[in-house]
Amino acid sequence: CRGKYFLRFFFTKADRILKRSEFLQLAKFGKKTQNQHFVAIFSPGRFKRTRLGVTVARKVGNATIRNRIKRFTRENFRLNRHSITGYWDINIIAKKKTADLSSKQIFLSLQNIYNSISRSRGH
C-alpha cells in the first residue's frame with residue numbers, strides 16, 4: 001500500500017499553528033473568508049506545508065461542544081488537506097451556530113471554506 005499514489009493522512013504538531021504570536025500575526029495580515037458557520041483567516045504559509053489553527057470561543061458552547069467542533073475540524077483538515085492548493089496558514093474560527101451541526105454539516109461547511117481558500121491567489 002506504499003505505492004506511488006499513497007496519500008499520507010498524518011496530522012502532526014508541525015501541521016498545527018500553536019503559538020499565540022502566530023495567531024495574532026495571521027489576524028493582522030491574513031485574508032478572511034467565511035460562511036454561515038465558520039470564519040477562516042489565512043495567509044501564504046512560510047513553510048512547505050499547509051498548517052491549521054482552530055479557535056472555538058466560549059460563547060459557542062460548553063467544553064464538550066467546543067472540543068467536538070475542534071476534533072471534527074482537525075479531522076476534516078487531515079482528510080482533505082491534499083485538496084487545498086498552495087501552502088497556507090489557516091485559522092478556522094467557529095461561529096455560535098456551529099454548535100448545533102452534525103459532523104456531516106460541519107464537513108460540508110469546512111469544504112466550502114477550503115475551496116474558497118484554494119481559489120484565492122497568493123501562491
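Start at Arg-49, which is partly exposed at a relative accessible area of 34%. The model is predicted. The Arg-49 side chain forms a salt bridge with Asp-15, at 2.8 Å from N to O. Asp-15 sits in the segment before helix H1 (20-29), while Arg-49 belongs to the loop between strand S2 (38-44) and strand S3 (51-55), so the pair ties together parts that are 34 residues apart in sequence. Asp-15 is buried, with a relative accessible area of 3%, whereas Arg-49 is partly exposed.

Next comes Arg-51. Its side chain meets that of Asp-89 in a salt bridge of 3.0 Å, N to O. Arg-51 is in strand S3 and Asp-89 in strand S4 (residues 88-94), so this contact links parts 38 residues apart in sequence. Here Asp-89 is buried at 7% relative accessible area, and Arg-51 is buried at 5%. Both values fall under the 20% cut-off for buried.

Now turn to helix H2 (residues 63-80). Glu-75 and Arg-78 both lie in this helix, three residues apart, about one turn. Their side chains pair in a salt bridge at 2.9 Å, N to O. Arg-78 is partly exposed, with a relative accessible area of 24%. Glu-75 is partly exposed too, at 29%.

Some salt bridges share partners. Through them, Glu-22, Arg-46, Arg-51 and Asp-89 join into one network. The Arg-51 and Asp-89 pair, which links strands S3 and S4, is thus part of that network. In total, the count comes to six salt bridges.

Notes:
Residues are numbered from 1 along each chain as its sequence is written. This is a predicted model: local features need pLDDT of at least 70, side-chain atom pairs count only at pLDDT 80 or more; totals for chains, interfaces and linings use all residues. Side-chain values use heavy atoms; hydrogens and water are left out. A salt bridge is a side-chain nitrogen of Lys or Arg within 4 Å of a carboxyl oxygen of Asp or Glu. Helices (H or I, at least four residues) and strands (E, at least two) are DSSP runs, numbered from the N terminus. Buried means under 20% relative accessible area, exposed over 50%, partly exposed in between (1.4 Å probe, protein chains only).
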